[in-house]
Amino acid sequence: MKDELKQIEEEAIAQIDQVETLKEAQDLQVAYLGRKGSITSVLRGMGKLPAEERPVVGELANKVREIISEALENKKTAIEAEQLEAQLAKEHIDVTLPGRHVAIGGPHLLTSIIEEIEDLFIGLGYEVKEGPEVEEDYYNFEALNLPKGHPARDMQDSFYITNELLLRTHTSPVQARTMREVEGREPIRMICPGKVYRRDSDDATHSHQFTQIEGLYIDEKVRMSDLKGTLKLFAKHMFGADREIRLRPSFFPFTEPSVEMDISCKVCAGKGCSVCKKTGWIEILGAGMVHPKVLEMAGYDTEKYTGFAFGMGPDRIAMLKYGVDDIRQFYVNDVRFLSQYHHA
Ligand code: PHE
């Protein structure tokens, strides 16, 4: 019986040596150590042995069982380690490969310009206001001293929705609304950025929808020099300290006197070139002292209060500042164009 056990051991070890998969190891475990395995059947035959031999054979059988079991465990561990190695080799990540590009968005150039202007005026104590884009004829025109039939309405070809409703043609109705809100009792310092609409044929310099920023300052003793100082600060902030401004007389029904502001041309430093049409100056915005009639309509005492207003186009400012030659670029939303200005 001892020989039988020895033989089982040798045979098992030789077989275990050949094992290549976990399944084969498992099968050998059953074949040798299982309930119906070779060692068990040897032990079963022990009853036939003389009593003194039993413990010796029993001990040997246990030893053989341990040897086989250990050999199997070692084999299994080796196979598992090999499999892990193989898997790791297969799933190896090449960290030198270029990563997948993730496109990150950024603010639209007009948004950046509007925010820059907002920041400047917030720093000057102005409040940022909003108003409806579908506006009443009253606020868009009448409250701004443009009664029905006034010829100056033609300056702003409008999209009417009904007789009394239209898409606002400028942001000036927001100054009328803001004055109305305080019923002519308080000073006002506000700017209002937003979209405006005019019945224009789109081309490189016209768009039926564009943006404006309105500014309004009402208080006691507000003078034209305050307007000029504010606009000068604005121009230098937006275009550079070396730019000069000039005010030209103009006409708006809601301001008196009315002006247009030009800045000196950066390209030719005022000498005259194609950008400034040989004048050395570039028109930037409209402004003026709020017309007493407009103040009165809103309930202000014009003996006590005066004010100035200005209106500018972020589209135009962006075009000048960044040399964009077609206003339509802002609205076709071609990311190749827009992404150039994400740092702006
Ligand atoms: N609302 C005027 C326009 O759209 C601009 C402006 C605003 C002029 C305020 C004077 C004062 O042309």
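User: In which helix is lysine 2 found?

Analyst: Lysine 2 is found in helix α1, residues 2-18. A helix here is a DSSP run of H or I with at least four residues, a strand is a run of E with at least two, and both are numbered from the N terminus. The model is predicted, so local features need pLDDT of at least 70 and side-chain atom pairs pLDDT 80 or more, while totals for chains, interfaces and linings use all residues. Residues are numbered from 1 along each chain as its sequence is written, and side-chain values use heavy atoms, with hydrogens and water left out.

User: Why is lysine 2 called partly exposed?

Analyst: Its relative accessible area is 43%. Buried means under 20%, exposed means over 50%, and partly exposed lies in between (1.4 Å probe, protein chains only). Lysine 2 is therefore partly exposed.

User: Which residues is lysine 2 in contact with, leaving aside neighbours within four places in sequence?

Analyst: They are Val56, Val57 and Leu60. Contact means heavy atoms within 4.5 Å.

User: Why is asparagine 140 called buried?

Analyst: Asparagine 140 has a relative accessible area of 0%, so it is buried. This residue lies in helix α6, residues 137-140. With neighbours within four places in sequence left aside, its contacts include Arg168, Thr169 and His170.

User: Which residues come nearest to the ligand?

Analyst: Of the 14 residues around the ligand, these are His170, Ser172, Arg198, Gln212 and Glu214. A residue is near a molecule or strand if one of its heavy atoms lies within 4 Å of it.

User: How much of the ligand does the protein bury?

Analyst: The ligand alone exposes 320 Å², and the protein buries 92% of that.

User: Which element gives the most to the shell around the ligand?

Analyst: β9 gives the most, with three residues. The elements that give two or more are β5 (209-220), β8 (281-290) and β9 (305-312).

Notes:
Accessible areas come from the Shrake-Rupley method with a 1.4 Å probe; for residues, only the protein chains shown count as cover.
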